[in-house]
Amino acid sequence: MRDSRDRAAQLMVRGGEQFDDGLALPDQRTVVSLRRMNSVLDINLGRRMVRVQAGAKLSDIDRRLGAHGLGLPIVGDHRDITAGGFASVGGVSSASHKYGLFIDQIVDLEYVDPDGRIGTCGRNHHTERFHRILGAGGRAGIITALTLDAVDIDKDRTWLTTDADRFLDFDSFIEHAYAEISKPGNAALQVGRWVDTAPLKVSRPVGAGQVQLGTVRFGQWSSLYPTTPTRSLRARREVGTRTRKSLGAIASAASGKAGMPVRNAAAGALMFAPKVLTLRDAEYLADTVISSSERGPAYRVGIFAPLANYTSVFYRLHDLFDGHRERTGCFTVISAMTYGVRSKYLQAQAAARELPADDHALITFTCRLRPSGLPSELLRDIVSGVEEICASEHALRYESAD
Ligand SMILES: Cc1cc2nc3c(=O)[nH]c(=O)nc-3n(C[C@H](O)[C@H](O)[C@H](O)COP(=O)(O)OP(=O)(O)OC[C@H]3O[C@@H](n4cnc5c(N)ncnc54)[C@H](O)[C@@H]3O)c2cc1C
């Protein structure tokens with residue numbers, strides 16, 4: 001950090017081993033990789049805490065905790081995410097309606113600041129610095145070690161059953177999502193997904209009007225509750241897991257237009273999650289199929305909406321993207337994902353802005369781009385539209401670098 005302080009070129013911090021964002025690194029840029037700082041340093045069973053180096057992968061930490069009947073409450077749905085990388089964005093999961101953000105689970109951390117000084121901060125000491133470093137995307141210093149809260153849970157023996165509700169109209173989907181987020185009951189995980197494809201420019205007369213062909217508008221809300229599995233359900237889970245893994249493998253190999261049906265099937269497999277599965281399977285369900293099926297250029301945005309403004313934020317974001325698609329044809333498929341987020345960290349952020357300390361919900365939109373891409377003036381319009389929605393609805397952007 002000290003060496004790079006006087007250089008004009010920016011210092012880049014990377015948690016894991018992959019430089020997979022497809023960007024060529026400029027020669028003069030310095031990259032600090034935490035790849036080899038990946039140890040689990042200490043597991044404190046009495047206090048249910050784990051101390052790790054920042055480059056440790058969450059999936060590895062969780063496996064080590066599993067041997068003691070403990071687990072991390074919030075892990076990303078991708079196995080290579082590191083503790084430092086997750087802390088530097090915030091960290092959400094479909095268990096966030098219960099446990100909040102990953103950074104709500106951080107007790108303290110060690111860091112190197114931009115001047116090269118080593119320090120520590122935490123929930124109960126140097127709290128201002130603690131909040132400056134968390135979620136800062138590496139701009140406020142490099143996190144080198146963290147102490148995390150763990151919970152009593154056996155993720156391989158906690159079985160969940162999926163209650164899925166499906167919707168063909170957006171209004172009912174949003175109404176249902178709001179009800180589930182507000183009152184999740186004892187759901188261990190929850191997630192809602194909405195998919196809206198671009199209508200084909202072909203229509204045919206039906207009755208007195210015209211129906212546009214080729215539009216798919218579909219939503220699903222899934223709540224996963226703890227259950228005791230029967231032997232036959234366990235067997236079904238085995239078959240389902242194998243099918244999804246193969247679908248994911250085929251989808252990652254299938255490229256171009258010809259591979260589209262397989263990639264769509266892989267994304268569909270995520271919508272139709274198995275009826276019964278373990279908590280560990282459920283947490284990484286998307287990793288099996290979605291990383292391959294979700295490839296391709298897209299505009300993505302994540303927003304934390306206060307629950308009081310949830311439906312309004314959802315409608316306004318949808319109208320913004322749908323309107324741009326109608327007018328310019330810039331997007332093809334527009335999809336959304338949503339769940340509750342009960343986070344002390346977000347509440348503290350709201351309080352700092354003198355806003356009510358409400359619970360939140362995450363709403364993410366992924367808008368697939370046409371091969372022609374997104375012209376910069378259109379991108380500017382979209383970004384300022386999103387900013388206006390956030391400002392007027394007291395919502396916060398989730399800068400997950402995803
Ligand atoms: C396939 C995929 C699935 C994802 N799923 C989720 C999800 O379920 N939930 C979610 O919340 N996010 C998700 N994300 C986003 C992910 O959490 C962030 O991109 C996270 O920062 C990745 O961590 P990493 O260890 O891979 O870090 P990197 O990709 O290496 O770095 C990402 C950012 O973190 C900073 N950073 C990394 N390590 C440190 C450190 N030690 N100190 C300071 N800054 C650091 C970097 O500067 C950079 O800004 C996903 C991303 C992908 C690609």
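Predicted model: local features only at pLDDT ≥ 70, side-chain atom pairs only at ≥ 80, totals over all residues.
## Confidence

The mean pLDDT of the chain is 85, and 80% of the residues reach at least 70. In residues 20-24 the pLDDT is below 50, and this stretch has zero contacts in the model beyond near neighbours in sequence.

A pLDDT under 50 also holds over residues 289-293. For residues 289-293 the model has 19 contacts beyond four places in sequence.

## Ligand shell

The ligand is surrounded by 28 residues. Gly15, Thr82, Gly84, Gly85 and Gly138 are the closest. Sorted by class, the shell holds 14 polar, 10 nonpolar and four charged residues.

At least two shell residues come from each of strand S1 (11-14), helix H3 (83-87) and strand S8 (142-149). The most come from H3, which supplies three.

## Sheet

An open sheet is built from eight strands with antiparallel pairing, in the order S15-S10-S14-S11-S17-S18-S16-S19. Its edges are strand S15 (276-278) and strand S19 (396-397); each has a single partner strand, so one side of each is left without a neighbour in the sheet.

The partner of S19 is strand S16 (residues 298-306), which runs antiparallel to S19 and is joined to it by two bridges. Opposite Arg397 in S19 stands Ile303.

## Helix on the sheet

Helix H6 (residues 170-182) packs on this sheet. The strands touched by H6 are S10 (159-167), S11 (189-196), S14 (217-227), S17 (331-341) and S18 (360-369). Between the directions of H6 and S14 the angle is about 25 degrees.

Terms used. Residues numbered from 1 in each chain as written. Near = placed C-beta within 6 Å. Helix = DSSP H or I, 4+ residues; strand = E, 2+ residues; numbered from the N terminus. Nonpolar A, V, L, I, M, F, W, Y, C, P; charged D, E, K, R; others polar. pLDDT = per-residue confidence, 0-100. Contact = placed C-beta atoms within 7 Å. Pairing = 2+ DSSP bridges. Axes fitted to C-alpha atoms, helices over the stretch in contact; angles between N-to-C directions.
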